[in-house]
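This briefing covers a predicted model. The points below are grouped by topic and are meant to be read alongside the sequence and structure.

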Amino acid sequence: MSNKMKLSGLTDILKDLDVESLEGVTIEGDIELDISGGGGLNPAMAYALGHEAAQISLHVANIARMLGYPVDQLFAASMGGLPQVPVAGQSRIQELIPAKLDVAKMSEWATPIQEVTLGATSADGGSRKNTITLGGENALPYYFDAEMPHRNYVTMDVFDMPIGMAKSVKGNYEDVINDPAEWAKKVVRDFNADMVTIHLISTDPLINDTPAREAAKVVEDVLQAVDVPIVIGGSGNPKKDPEVLEKAAEAAEGERVLLASASLNLDYERVAKAATDHGHAVLSWTQLEINAQKELNRKLMKQCGVPRDSIVMDPTTAALGYGLDYAYTNMERIRLAGLMGDEELTFPMSSGTTNAWGARESWMKESPLNQDSDWGPREYRGPIWEIVTGLTLSLAGNDMFMMMHPTSVQVLKEITQTLYGSIEADEIDITNWVGAEV
Amino acid sequence: MKINSPLEAYKFLPGTNCGECGETSCMAFASHLIDRSLKATDCTPLVSEEKYKKKYDELEALLAPEIREVVIGVGEKAVSIGGDDVLHRHKLTFFNKTAFAYDVWDTMDEKDLVERVNKIQDFKKFYVGDFLTLDMIAVRSVSDDPAKFAAAVKKVMETTEFPMVLCSFNPEVLKAGLEVAAEKRPLLYAANKDNWQDVAALAQEYNVPVTVFAPNDLDMLKSLAKTFSENGIEDVVLDPGTFPTGKGLRTTFQNFLKIRRAGINGDRDIAFPIMAVPLTAWMAHDDDVSASYWETVVASVFTIKYGDIMILHSIEPYAQLPQVHIRDTIYTDPRKPVTVDPGVYEVGSPTADSPLLVTANFALTYYTVESDLSSNGIDCYLTAIDTDGIGVEAAVAGGQLTAAKIKKGLEDAGFDMKEKLNNNVIVLPGLGARLQGDVEDETGAAVMIGPTDSGRLPGWMEQNWPPKK
Ligand code: SF4
């Protein structure tokens, strides 16, 4: 039911309300009012007839009010015993108050993050097809304060021996698990890895105690197999790693790799020297402690003479549900301090996102606790655990991600590059999302 | 908050040091006001004595959080959103964790609807001594039929105490929902540039909180919010639109940043809680797994950056588990201690034949192990070694968990293995396996290697305990 009513017809209606002041008012043109509901327009009556009719009387009253008539008093009088009735029209808001949202940019973010380039092409004496530059930010990631100069990059893990992996990860690597070079090829060719990390874990005296010289051969194989920049990781054994990284750095001379890592609990001077002697960058790894990160960076720069453009930080990644809150805030504080001028922290950051696979939610078949709701299939749980862990740290300013599962890599790249601004997609009309059939 | 030092708050307190608030002095109480661990109402004299009325009112105004707090629902399940004072959690903490509302729609079968609502309200995930759960139901009008909508709202109310969001752009439909549910204080969704007068009238008439929706139009959003609040509608939620893909998503992210930065910096007209609608991911993806994944990704972004309430669709565990965890990650108070006191703790009622287990004193690690043991009825001694609050794997790598540390930990706790145990066995965590030889040398005990995840301790116990002679 919808009646069109001419404004000229209003006078008749308003007569019921004794609206004498309307007389003598001329209204140009014949404005049409769109009124739902029927006639019958004594307001007190209308109220009794319910909402639809009341709406009409409100339209009418609004017009009268606009024309300067004291409608409210009239309503009160006309309705007799019903003055406190909640007729919304009594306070119905007439006009939008115009507004403009002004937001200042962050003036304190005055110091850019250092740019660090990894990999060397033939022009620079290497054999990589391309280089990758991390850092250079002038704001928190994806913020409107300043464009981010470089997107995030993913380096995928390759190990020099078969290792224990979650089932859903393992399925992707069974064919290459005994051949690091083929493994490296696979992650670049099939899984779109920007870089490759070769972890020389078999060098650990408690595992195979592979001699450093032999491990360096694996590095050569990987450099042969792929033409992206690479990261070289030791086994995590603090006594052996310096030697392993020295030999690896030598083997990779000219390729500008990232050596992982220098830390306070091993002979970081040797690692730093291996990097500077052979033109590589070094990963400065500390454990969730901003002051330790400052200390190690300072030592690398001052004591070991590592140039600023050759330091990347790994402030430690804890998995979602297992300390990610500390890891996130630690990184965010490091990045904010850098942007605000702390020269000991203005370096790009790297995350061992693969750590997400340590969370039981990522790999366990079902919850060990019977009070929990069903955990659902683990093959979907694992990758999203790695994605959310990485994504969280990307928002804290992390630049490079070390990852394992191809689905995780794909989705993490998609979301970080979407926020970075390099993904085009058809715009979705969300104006009526409420009624969408999903 | 307009003040940031205890001294400034102290001026408004009675200054009698009466101790009724549980603090030793008014100054101590004042510092708790500043870190928001206590409220002005906790000072009984201040609220009850007439002579302090003016000071109390002034203090409350100064202490009010920058971002308005909005309560949705009634009773125990009511949720509060907003109330934040900082842009980064380490500056204080974030308050009122993001409320997760899952949708149902009015064209669903009644049976399906009830089943879905039950799934949503029954979801729980044990975590550090408590359960992570979901919060709300969003009822969407797909039919655009007021009667159908009212019936769906009614059914939801009969099934759950979870607060509701009533979703339609048609004021007649919203009104029909309110007729059924107004006393439950649902959140209205939404007023936009076309219907705002009618929706505002409904919010006033029924006295419920209301969302204003202006997709990618921050001036309009602010205009709506300002208009509403200046006309007495104080409980406003802002939806700047959640565009799920491409440049639209990037713009959405930046819109959230702008709104919250302006609000925290003192623009009262926009200092309201923000709503995200990751559900729109379903408008961009056809298959359920991709849609669920993308929805989870979008939800994570807006849980981390300033979403105070969100409407979600996927009830797959692989979507919900990371969502409840990322929310907990962001809203955990960073000031709360990260460690448990080192020592030997009894789990259940251990005897001389029970195992002695070793773990790190990182609170998360310790509580995870502890709950795996206690909820599976395993009696044992659990040693928290002082690893500086670092988890087992990292502590082994970083040298904070060593044989010497383990020996010292037992000694400091006064735990004499010979006296307490018949077995002289230490069970190391699987991630500390490489310490086995050292620990044997250092302590003279036999060392067994437990599983790499304490969730597997029940199975491990069955196979390995008691140790074969
Ligand atoms: S209750 Fe109030 S007056 Fe008494 S000590 Fe606490 S703050 Fe001071």
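**Overview of the two chains**

Chain A contains 14 helices and twelve strands. In chain B, the secondary structure amounts to 18 helices and 17 strands.

**Chain A**

- Of the 438 residues in chain A, 50% are buried.
- Among the contacts in chain A with a separation of 6 or more, 70% are between residues 24 or more positions apart.
- An unreviewed UniProt entry lists residues 115-364 of chain A as "domain: CO dehydrogenase/acetyl-CoA synthase delta subunit TIM barrel".
- That span, residues 115-364 of chain A, is 34% helix and 16% strand, and its end C-alpha atoms are 40 Å apart.

**Chain B**

- Chain B has 469 residues, 52% of which are buried.
- Along the principal axes, the C-alpha atoms of chain B occupy a box of roughly 80 × 65 × 40 Å.
- For contacts in chain B between residues at least 6 apart in sequence, 63% link residues at least 24 apart.

**Interface between the chains**

- The interface brings 88 residues of chain B into contact with 71 residues of chain A.
- On the side of chain B that touches chain A, at least two residues each come from β4 (125-127), α8 (196-206), α9 (218-230), α10 (246-264), α11 (288-304), α12 (317-331), α13 (363-375) and α14 (392-398) of chain B.
- The element that gives the most to this side is α10(B), with eleven residues.
- The side of chain B that touches chain A divides by class into 39 nonpolar, 27 polar and 22 charged residues.

**Shell around the ligand**

- There are 15 residues around the ligand, and those that come nearest are Cys18(B), Cys21(B), Cys26(B), Phe29(B) and Cys43(B).
- With three residues, α3(B) gives the most to the shell around the ligand.
- By class, the shell around the ligand has nine nonpolar, four polar and two charged residues.

**Cis peptide bonds**

- In chain A, the peptide bond that joins Ala260(A) and Ser261(A) is cis, with omega about 5°.
- Ser261(A) belongs to strand β8 of chain A, which covers residues 258-262.
- In chain B, a cis peptide bond runs from Trp465(B) to Pro466(B), and its omega is near -5°.
- Pro466(B) is found in the segment after α18 (457-464) of chain B.

- Asn17(B), a residue other than glycine, has a positive phi near 50°.
- Asn17(B) sits in the loop between α1 (6-10) and α2 (26-34) of chain B.
- Asn17(B) counts as partly exposed because it has 14 C-beta neighbours inside 10 Å.
- Arg185(B) is not a glycine either, yet its phi is positive, at about 55°.
- Arg185(B) is located in the loop between α7 (171-181) and β8 (187-191) of chain B.

Notes. Residues are numbered from 1 along each chain as its sequence is written. Chains are lettered from A and ligands numbered from 1 in the order in which they are written. This is a predicted model: local features need pLDDT of at least 70, side-chain atom pairs count only at pLDDT 80 or more; totals for chains, interfaces and linings use all residues. UniProt positions are given in the numbering used here, feature names are shortened, and annotations may be inferred rather than shown by experiment. Helices (H or I, at least four residues) and strands (E, at least two) are DSSP runs, numbered from the N terminus. A residue is buried if 20 or more other C-beta atoms lie within 10 Å of its own, exposed if 12 or fewer, and partly exposed in between; C-beta atoms are placed from the backbone. Two residues are in contact if their C-beta atoms, placed from the backbone, lie within 7 Å. Ala, Val, Leu, Ile, Met, Phe, Trp, Tyr, Cys and Pro count as nonpolar, Asp, Glu, Lys and Arg as charged, and the others, Gly among them, as polar. A residue is near a molecule or strand if its C-beta atom, placed from the backbone, lies within 6 Å of it.
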